[in-house]
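Good morning, colleagues. Please look at the structure on the screen, and I shall then guide you through a few of its features.

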Amino acid sequence: MMARIWVPTNVMKKNKHLLLSLITLFFSTLSIGQDSTKTAYSLMFYNVENLFDCVDDSLKQDEEFLPLGDKRWNEHRLYRKVQGLSKTILAINEWQPPTLIALCEVENAEVLKKLIYQTGLSALNYRYIHFESPDRRGIDVALLYRSAHFDTLHTTTIVTSNTTEHFFTRDALYVKGCIGHDTLHIVVNHWPSKRGGTVASEYKRMTVSRIIAARLDSIRRAAPHSKLVVMGDFNADLEAPSLQHLMKTAGLQSSLEAMRKTPKKASGSYKYQGNWSYIDHILLDAEWLKNPTYEFSLHLAELPFLLETDKQYSGYKPKRSYAGPRYIGGISDHLPLLLKINKQ
């Protein structure tokens, strides 16, 4: 017999997000119970482009994102943004919301709470892991996880700044946890930008690359054959020296090779001056990727509401929140990545 979900009409009108959450939770639970012979889970990465609150923090350079700041950032725009992020998360993998979601460019725990407790995600039991880092603008990385499917064992930061040399950047986030019988070692990154030029700024990313590689080496020595997941916005394509150093030193491989569907409107996760590129990556332990017990499938989210026509360079581009000081009302200047993992 087909199960039915009934919600009173007045409730439906007042709280569409609650209805969406209930429907999503129902189908997610239904599909999980259909096949107990294999484990399936998914990992998502998304640079959410300046997810700031509207409160001044004297320890951060967040003045731009205040009601009286240059961006005229306010509660209405913040609400619209977190609703758009929720919509993206709910739509990216149909009826199976991602088990783990790595984010970058979040200001603090308060915006994460708005995202997982005050949107259509509220019925899915997401929890968050976040630490404040010394980035001067106050943007950090974070990890969301579905508490019914992922058990956290250890969380900490990986410090990548050097205060003696006045080099401040986002800390990386390390999380160890279990999904079924798989123990994952996850590192969420947001490497220094290309401000000042790609070549001139590459030494900053190389500095972070060496720090992350050293930490991964320590993890491997303590737990050989570890299932490593290193994802984030690296501000570098696969050929960049900093990313090549990390992959070769730590024995990682790009999940781009597991892309099953050719994107139609985008050929990268980020578009700059008309050129698409992948500066966002999900890297996995190379040995794990070759394990025939697992099937990996990477997807670039080309959801229609994430894109707009690129009038200057043709084609499409991510519909971002701002273009300079002008508010556009989009969600992010990046497209999210989703990696599906099936274990027989």
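Let me begin with a question: is Cys 178 buried or exposed? Please bear in mind that this is a predicted model. Cys 178 has a relative accessible area of 18%, and buried means under 20%, so Cys 178 is buried. Cys 54 counts as buried too, with a relative accessibility of 13%. As for disulfides, the count is 0.

I turn now to helix 6, which covers residues 241-250. Its buried residues are Ser 242, Leu 243, Leu 246, Met 247 and Ala 250. What do they pack against? Their partners are helix 5, strand 8 (227-233), strand 9 (252-254) and strand 12 (280-285). After helix 6 comes Gly 251, which has a positive phi, near 70°.

Finally, the largest pocket. Its volume is about 1,500 Å³. The lining comprises 48 residues, and those closest to the pocket centre are Ser 193, Arg 195, Asn 235, Tyr 270 and Asp 333. Several elements contribute two or more residues to this lining, among them strand 1 (39-51), strand 10 (270-272) and helix 5 (198-222). By class, the lining of the largest pocket has 19 charged, 15 polar and 14 nonpolar residues.

Thank you for your attention.

How values were computed. Residues numbered from 1 in each chain as written. Predicted model: local features only at pLDDT ≥ 70, side-chain atom pairs only at ≥ 80, totals over all residues. Heavy atoms only, no water. 1 Å grid on protein atoms, 1.4 Å probe; cavity = no way out; pocket = protein on both sides within 12 Å on 5 of 7 lines; lining within 4 Å. Points joined across faces, edges and corners; volume = space filled by probe spheres on them. Helix = DSSP H or I, 4+ residues; strand = E, 2+ residues; numbered from the N terminus. Nonpolar A, V, L, I, M, F, W, Y, C, P; charged D, E, K, R; others polar. Buried < 20%, exposed > 50% of the residue type's maximum accessible area, 1.4 Å probe, protein only. Contact = heavy atoms within 4.5 Å. Disulfide = S-S within 2.5 Å.
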